[in-house]
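Q: Please take a close look at the salt bridges of this model, and then at the sheets and the surface. I am new to this structure and would welcome a connected account.

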Amino acid sequence: MGVSLVCTAGLALTPLAALPGSAFAQVPAGEGESSAFAQAAPAVEDPAQENAAGGDPGNPPASAPGPAPAADPDSSLLAEGSSTARATAAPGAPDPATSLELGLVPNPAPRFARVAIDKITPQVADGAPGSDAVDGIPLVTVSGTITNSTDQAISDVSVRLQRGEGTSDTSAVRSQLSASTAAFGVAGPEHVLDGTIAPGESMDFEISLPLAAVRGPSLQIDTPGVYPLLASAQGTVEGQGAVALDSARTLLPVLPSALRLVPGYADSPAGRAELGTDGSSQAPAKSPVSELTIVYPLSANPTRRAVRPGLDGPSPTVHLTDDSLLGELAAGGRLSGLLDALEGAESEQPELKDAVCLAIDPELLRTVDDIASGQRVVVDGADEAREITDAKETASSWLDRLRAMAGNHCTVALPPASADIDAVAATGSTALADAFGAGARSEINRVLGVADPVDATIPTKGTIAQSTLDSMKQASERPAIVAASGLCTPSGGIPRSGTHRLEGSGQTALAYDPYLATALSATGAVPENPRYSDPEQRYWLESDSAEARLQDARSAVIAPVLADMADSQAASQTDSSTDDSGDTPDAPAEQGRKVLLMPPSVWTLDDAGVRSILDTASSQITAGHMRPVGLAEALAQPPAGGVDPTGQDAGDGESGGESGDGGGDNGAGAAAEPVRSDPARLGLSITPDTLGDDSAEASGYVAPTAPDGSPIPDADPGAVDIGTITRVRRAMSKVDVIRRLVDTSDPTANSADAFIDPLRSEALRALSTTFRRAGGDGSIRAVGLDAGDPAAGPDTGRLARDAGVGSARRLESAADESIAAVTLIPPGAVYTMASPNSPLLLVARNELPFPVRVALRVDTPPGMEVQDPGLISVPASGSRTMQLPAESTESGTRTGITIALESADGYALSDPVDVEVQTGGSRLAWIFALVAGLLALLLMARRYVTVRRGKASEGDAETAAPGGEQDSGPEPDPRPGPGSERGPEPDDGADNGDEHDNPSDRQSPQDWRSR
């Protein structure tokens, strides 16, 4: 029997260590070590010894023929690995000495050599015609490579194939992938390879054994199940002697049909259940049939980044952090390959389409649609930005294919940008919450033309907190599709796969098998230990080859079928006798397990690998072991009963299968007790509720702690940290302000969403779950690249955390720059009021590419009043001159007025501007000025009259003697007389001043006297 998940009540963490038999029971670890390093597999007395050698040299398998493995190297040789060793280690793995000290199994940094499994045949042992066989019994062949990770040559290399105990328990299938070699008790002979492996070089190997045999060595398999296989290598290292090099693990599913020719199988319980009492090849008429539903993810690592609206001009531009999305959309790319794989699988098995629901990321759709519509695409590289000119054709081609496929498939929305729904709820942002639920479905309808996508919430991390359901209506108003390990039955157990009724909201929760989903998440170029996975089954996934992990996933797909068969066999044995009336009891129920294939939202498996998974499921439809069930139908099924016929909680694993495997009765006729959404036992989320005050900015990684401040064992290393949540919340409040600024009454505002939505996209990217649980061993510890930097957090999810922080920073910058783009331009000098009620002139400038409505806040001193102009519309990329009516009761004073620009609801858009105003005089001053003006006019009039009279007198004198000289009378006085225009006559001998200093202008005394 395998391990089973058991959830705790509420947020209490102490029961984790007190649950006997649970995968979450805490195994005592060394001082300072996390329990995440304690493996659930059979214990090894000296894990360091095993990891140093890649095997268990002190305890060779009792049934293993051939020579025992080489002796363990001396402990004094546990030195730092060479550069070659680092090249063969898993990405980010610790050095060999640290791996040895921690007892990591499998070893991500083997000291001597790396053993990798490249191929296994058959992938499913089912006895199909044409497969290799010995005496009609399938022949299992494992091929791979051995790479020298030392600086010395390795000679005398040999390999052998071993296997561990098989199981039909879905919860135990993966447990032996991290088990010691002691768990692989059956072994074949050593196969010696020719030649020597030079430093850094590789050697191929191929080794075969039949499932069983009448004579000679074999894997000794005579019962259906999923069997763990191990390929171990030994060799002689120059200067070190004979050592165990390394080992690699994978799984092999064995169906009953592969064992038909095994001696004695027909008489075994499994044989009788499979062949029938008459020895025919027909399965029992009422054998269980699993219900198959496939959620097929179409999403990408979010790379769209935010910039200030209008930075590139009046038209929207798609800015990307890199060109990976364009590569994935192109022929041969990952997203194109996902469509290829599905088209190919459905062409060979048309019924598969009935099981498939396309799970589409609405943010991916929006970005691809923007590119396909002709928006400029700019990739912002580390050094410079470059424009991609051929992106439109690539995006249009992929989008056309998706539209055609969506027209005849079920569709459902994934969280936009694979955002963590709990982190979104923690921000409290309505704009982010609206991107879920109806908002996501409307995006699928807008871009793909799908009228009615399935309405359900699919948290990409597999769990959803009860607090999120309580606070976020976008999550609580629709069914949730979650891992069974994120739910709890009333008695604290894990429910089976299938539909359940959620406590509180009463909504449906469709639970899927966490073990199967974990196997799918471990595939591809970026494998992950998901949040919902069993911590005791987590390990450094990249220790295994990509092909080995793919084979593990194929085996996990077959495991529910084998579990159904085991249930049928057990029921047949129980009901083999007849009752007193001679009637035969009812045959085993036809209802099998609910098999929901839930790959990770960003599935990095290539098209060939995806096709392999789909073909594995298709083969079981063809064989009659599975039947396709659409997602809408699966959600509409009545909730499973809370108690199974044995009296155990559904899914507790004591009868009808282990937790989460969906075995046994689905509760027909039993009360459907509600379940609780409770992922607390998987490690508390890092949210404001669990970390307290969020007012301070977090620097680097913040490890999760319980309310009492103690560390949380097996906490989720992929949770979004409080610093990022805080920054996104603050930035989104500014984005909301920007959206409210838009003057929707202006027809030119219809493009505003195209500029503002990328800011929301950046926020969702900062909270994305994509790759947050990739790398490392899935624990909260840092033992690899970040071991020396506690602020950087665990190895798992390191790159994704850094990307999230970068997105939060870009969002903050873009939001701040957007708000700063709406400014107030004050007068350049002192503003002088010509009158007590002269208006003030100001200019509002808008650098955003859409019109905005703003308001003014004016603070005036006593004696000055400025009228509120109300809301002011400022055109896109333009300015608006404003006249503010003002009135001053002060005279001739200089005063200061403070004016600030703000949104309609009072958000300050700019720093306050101080305007210096010179006020005019009072009314009394104006009266004096008027009187003075009148006096000036009178004086000017008097002088005018005087001048006119003087000119008239001179005219009369000239008229008295026309044309001749006067012959008598005194000579006229050259000086003007009294009353003349020249002024009064000066005194005798008086000097007339500087004006007459010229002697020629003066008369002599004689002249004066003669006159």
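A: R366 and D757 form a salt bridge, with 2.9 Å between the closest N and O atoms; a salt bridge here is a side-chain nitrogen of Lys or Arg within 4 Å of a carboxyl oxygen of Asp or Glu. R366 belongs to helix α7 (residues 362–372) and D757 to helix α20 (residues 752–766), so the pair ties together parts that are 391 residues apart in sequence. Helices (H or I, at least four residues) and strands (E, at least two) are DSSP runs, numbered from the N terminus. R366 is buried, with a relative accessible area of 15%, and D757 also counts as buried, at 9% relative accessibility. In these terms, buried means under 20% relative accessible area, exposed means over 50%, and partly exposed lies in between (1.4 Å probe, protein chains only).

The model is predicted: local features need pLDDT of at least 70 and side-chain atom pairs count only at pLDDT 80 or more, while totals for chains, interfaces and linings use all residues. Residues are numbered from 1 along each chain as its sequence is written, and side-chain values use heavy atoms, with hydrogens and water left out.

Side chains of opposite charge can pair when their charged atoms come close. By the rule above, the count comes to 40 salt bridges. Another of them joins R593 to D567, whose closest N and O atoms are 2.7 Å apart. Here R593 lies in strand β20 (residues 591–597) and D567 in helix α15 (residues 546–574), so the pair ties together parts that are 26 residues apart in sequence. R593 is buried, at 1% relative accessible area, whereas D567 is partly exposed, at 23%. Salt bridges that share partners join R366, D369, D400, R403, E443, R446, R739, D753 and D757 into one network.

A further salt bridge brings together the side chains of R441 and D455 (3.9 Å, N to O). This pair links distant parts of the chain, 14 residues apart: R441 is in helix α11 (residues 438–448), and D455 is in the loop between α11 and α12 (466–471). D455 is partly exposed, with a relative accessible area of 29%.

The sheets come next. Strand β13 (residues 376–380) pairs with β14 in the antiparallel sense over four bridges, and the bridge partner of D380 in β14 is A385.

Another open sheet of three strands has the order β16-β19-β18, again with mixed pairing. Its edge strands, β16 (480–483) and β18 (498–501), each pair on one side only. β16 and strand β19 (residues 508–512) run parallel and are joined by four bridges; in β19, Y512 is the bridge partner of A483.

Finally, the surface. L934 lies in helix α22 (residues 923–960) and is partly exposed, at 49% relative accessible area.

Technical notes:
Pairing = 2+ DSSP bridges.
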